[in-house]
Amino acid sequence: MNDTRAILAKRLRKQSASCKLLGSPLYGLLLDKAGDDASMGGPVADVMEEIALAPRDAAIALRLMGSVHRLVLEGRAPELTPFYASAGGTRDPHGAWPAFRATVEEHREELRGLVERPVQTNEVGRCGGLVGGFVAVAKQWGLPLDLLEIGASGGLNLRWDQYRYETSAGGWGPTHSPVRLAEFEGVGPDLAGGAVVGERRGCDPDPIDPTSHEGRLTLSSYVWPDQTWRWEWLRGALDVASEVPVTVDRAGGGDWLRARLAERSFNRATVVFHSIVMQYLDDKERTLVRDQLEEAGEGASGDAPLAWLRMEPPGEGDVDDGTAPVHLTTWPRGDTSVIARCGYHGRPVRWLGSS
């Protein structure tokens, strides 16, 4: 086995372990088998060797799974479809590998091109981890919120106020919303009074139009097919997207944020937010984002406050239990607190409170 294939196999198996931890038996099994296939020089290696040494943030294993899932959703992988709940399949995942391998072999030329595309996951469930922070900012200053999202993808989370939330402290959000988030453990955040959103704007290096067929297909292909609750949330959010317009600029985070923060309005609370994004930025870009926020924070005031709300994985050396801490920093004081922990795909949410 050559070195490239060994590295590829290791990366596929590592993602397999993550999928098992996060509740996808289908992807856990298929990625285990894909790792074996790659190590033996099978069709998975043929498709993936060109990107096997891509940076860690390229998420190459999820590129493979999303690309094959796309074929299933398009009706072009009939042998695999019975194993994919997203396409109506009900068969046990333990029998899926032969059909998966045959699909990769049959479509290997097309898949080589598809896996070059970046992963685009616009995980609506994460709004359950973020909503307490948005509402806390609104209550603290009593101002409408101007939203700025880094790594917005299709902008579905910029529409967070159009979703319904149910907690032990009461519900908030449109009662007719097709997206209903009620995955709070214990005492959830007090959302009484909610928040008023002024402007909503995001950036992404490769933004997706969730109102187009291509955009919907792309976003759908990266949802793990056996996690039907994520599918329900996505379908509802896509319906909301057709009714609530959002601007997502094609741009990286640092320079875009500098320009947007320079345009902040008085009598608005500006909230910069992101979820599972920083791992996809290089060190320079991450530093630039932080510097822009701290610089803008120095000029914040009671009638032009600034907040930084982010849900990102635990730091290196911390225990990864499948949940991410949600931090909230507010200026002019610059106070920071961990207000919640949220599953990477939106459940469960454990509310810790905001200072």
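This is a predicted model: local features need pLDDT of at least 70, side-chain atom pairs count only at pLDDT 80 or more; totals for chains, interfaces and linings use all residues.
D283 is exposed, at 54% relative accessible area, where exposed means over 50%, buried under 20% and partly exposed in between (1.4 Å probe, protein chains only).

Residues are numbered from 1 along each chain as its sequence is written, and side-chain values use heavy atoms, with hydrogens and water left out. Helices (H or I, at least four residues) and strands (E, at least two) are DSSP runs, numbered from the N terminus.

**Salt bridges**

By the rule above, the count comes to 25 salt bridges. In general, side chains of opposite charge can pair when their charged atoms come close.

| Pair | N to O distance | Relative accessible area |
|---|---|---|
| E109 and R112 | 2.4 Å | E109 59%, R112 28% |
| D37 and R101 | 2.8 Å | D37 4%, R101 29% |

The E109 and R112 pair sits in helix 6 (residues 108-114), where the two are three residues apart and so separated by about one helical turn. An α-helix has 3.6 residues a turn, so residues three or four places apart point the same way. E109 counts as exposed, whereas R112 is partly exposed.

What does the bridge between D37 and R101 tie together? D37 lies in helix 2 and R101 in helix 5 (residues 97-106), so the pair links parts that are 64 residues apart in sequence. D37 is buried, while R101 is partly exposed. There's also a network here: D37, D46, R101, E105 and R108 are linked by salt bridges.

**Helix 2 and L31**

Helix 2 (residues 25-39) also holds L31. This leucine is buried, with a relative accessible area of 0%. Contact means heavy atoms within 4.5 Å, and if you leave aside neighbours within four places in sequence, L31 touches L12, R13, Q15, S16, C19, A61 and M65. L31 and W97 are 66 residues apart in sequence, yet 9.3 Å apart in space, C-alpha to C-alpha.

**Helix 8 and T218**

In helix 8 (residues 213-221), the buried residues are G215, L217, T218, L219, S220 and S221. Which helices do they pack against? Their packing partners are helix 4 (60-73) and helix 9 (228-241).

Take T218 as one of them: its relative accessibility is 12%, so it counts as buried. Beyond its neighbours within four places in sequence, T218 is in contact with R70, Q120 and I208.

**The negative patch**

Back to helix 11 (residues 283-298), which includes E295. E295 is exposed, at 55% relative accessibility. D291, E294, E295 and E298 gather in a surface patch of negative charge. For such a patch, residues need over 30% relative accessible area and no salt bridge, and like charges are joined within 9 Å (for nonpolar side chains, namely Val, Leu, Ile, Met, Phe, Trp and Tyr, the limit is 5 Å). Asp and Glu count as negative and Lys and Arg as positive, with His and the chain ends not counted. The place of a charge is taken as CG of Asp, CD of Glu, NZ of Lys or CZ of Arg.

Most residues other than glycine have a negative phi, and most peptide bonds are trans.

S153 is not a glycine, but its phi is positive, at about 55°. You'll find S153 in the loop between strand 1 (145-150) and strand 2 (164-167), and it's buried at 2% relative accessibility.

N267 has a positive phi too, near 60°, again in a residue other than glycine. N267 belongs to the loop between helix 10 (253-261) and strand 8 (269-275).

Finally, R347 and P348 are joined by a cis peptide bond, with omega about 0°. P348 lies in the loop between strand 11 (335-343) and strand 12 (349-351).

Note on methods: Accessible areas come from the Shrake-Rupley method with a 1.4 Å probe; for residues, only the protein chains shown count as cover. A salt bridge is a side-chain nitrogen of Lys or Arg within 4 Å of a carboxyl oxygen of Asp or Glu.
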